[in-house]
Amino acid sequence: MTIEEICQRAYENKYITAKLGTVEKDRLIIRAAHDLVKNTDLILQANQKDVHNGETNGLSLGLLDRLKLTEERIKGVAAGMEQVAALHDPVGDVTRMWKRPNGLMIGQKKVPMGVIGVIYEARPNVTADVFSLCFKTGNTVILRGGSAAANTNKAIVDSLHESLLSENLSEDCVLYIEDTSHESVNEFMKMDKYVDLLIPRGGAGLIRSVVENSTIPVIETGTGNCHIYVDEYADIDMALRITDNAKTQRIGVCNAAESLVVHEKIAPVFLPKLAELFKGRVELFADASAMKYLVDSHEATDEDFGREYLDYKMSVKTVKSLDEAISHINHYNTGHSEAIITENYTNAQRFLDEIDAACVYVNASTRFTDGNEFGFGAEIGISTQKLHARGPMGLEALLSTKYIIYGNGQIRE
């Protein structure tokens with residue numbers, strides 16, 4: 001099929017998907033989760049081909065981590081789908097209703113977007129996550145994954161189609177663009193006649209390209225230059241534990257911490273302990289003040305402070321005050337997730353109020369910025385923009401609204 005034919009099929013199917021009831025949708029999502037686990041061997045065989053190709057082509061450690069599936073990761077994806085099925089179905093909710101002086105009753109009702117397109121890179125888990133969220137909200141979805149995960153994505157979509165057919169539902173509820181050429185993605189971005197919303201998930205280059213070139217409305221999911229700020233009133237052990245988790249648990253994800261900001265009063269105690277903790281594990285790029293306490297660190301450039309490494313690397317900046325910390329973070333961050341480690345309530349509240357980001361934490365790891373961790377079951381991405389949706393996007397972010405008006409013969413004078 002051509003790109004336009006795929007989009008036409010999705011457009012024709014969207015009214016069918018929108019009419020499905022909650023019971024039908026939940027039954028299918030649970031069936032799809034079970035089939036995903038049942039088809040684990042086939043999916044892993046496809047994934048091994050993609051990982052091998054990625055290693056051969058020099059894919060970075062971070063992208064390889066995102067690309068690789070295991071039996072446990074597939075079970076985790078399936079569990080997320082089941083959580084989506086268990087959530088309240090928001091489609092059709094009337095959020096408010098009011099009466100006008102002329103007797104008209106006006107309400108606002110939640111409705112599906114229609115056709116949602118998702119362009120993503122080496123993240124095969126996105127294939128199943130996005131489908132479950134879009135299907136639950138009565139949307140038809142078109143997936144366009146990257147070449148690095150082509151075999152895995154196809155195997156997962158085949159499993160989803162198997163589930164749909166087993167429930168006597170159309171395969172067109174989820175359509176997949178197999179052509180991974182730049183030409184195909186450029187053509188897809190121009191299909192505003194058929195596609196209602198486009199969501200990019202991937203690196204800065206992909207997101208920028210979609211935002212700049214799409215004629216379809218876009219929700220921008222941002223890259224993650226996430227910061228940990230260790231305040232002068234921080235608990236040292238807590239700060240070490242959180243920094244280690246935020247940086248090293250998974251290096252290839254957008255909620256991993258890439259930058260560390262440390263108050264100069266706590267730096268002489270905290271930074272040597274951090275150097276010991278990260279020795280042989282994390283490469284540090286620090287300012288002159290921090291380098292005094294960090295053995296084998298490198299001098300940081302301005303680019304280092306703004307970089308999403310997706311690697312065992314981290315920038316370190318010392319500051320003289322909370323004001324300087326907030327200013328530094330707001331200058332270099334990508335609007336994703338920022339954390340302060342402090343025992344001072346006033347400083348914690350100021351950080352929450354003044355940091356400009358989708359998610360702001362006090363005494364917790366940035367790794368929690370995730371749809372599943374927020375109780376959404378799964379996520380379609382982390383929005384770093386401020387229109388319509390911000391932060392982890394679950395079911396509510398995939399809905400629009402319409403006004404419903406009840407009258408009894410009123411005419412406008």
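Biologist: How many helices and strands are there in the chain?
Modeller: This is a predicted model, in which local features need pLDDT of at least 70, side-chain atom pairs count only at pLDDT 80 or more, and totals for chains, interfaces and linings use all residues. Residues are numbered from 1 along each chain as its sequence is written, and side-chain values use heavy atoms, with hydrogens and water left out. Taking helices (H or I, at least four residues) and strands (E, at least two) as DSSP runs numbered from the N terminus, the chain has 15 helices and 16 strands.

Biologist: Which are the edge strands of the open sheet of seven strands?
Modeller: Strands pair if DSSP finds at least two bridges between them, and here the pairing is parallel, in the order β10-β9-β11-β8-β7-β12-β13. The strands that pair on one side only are β10 (298-299) and β13 (359-362).

Biologist: What radius of gyration does the chain have, and what would a compact globule have?
Modeller: The radius is taken over C-alpha atoms, and the globule rule is 2.2 Å times the number of residues to the power 0.38. For 413 residues a compact globule would therefore be near 22 Å, which agrees with the chain's 23 Å.

Biologist: What percentage of the residues in the chain is buried?
Modeller: Buried means under 20% relative accessible area, with a 1.4 Å probe and protein chains only. Of the 413 residues in the chain, the buried ones make up 54%.

Terms used: Buried < 20%, exposed > 50% of the residue type's maximum accessible area, 1.4 Å probe, protein only.
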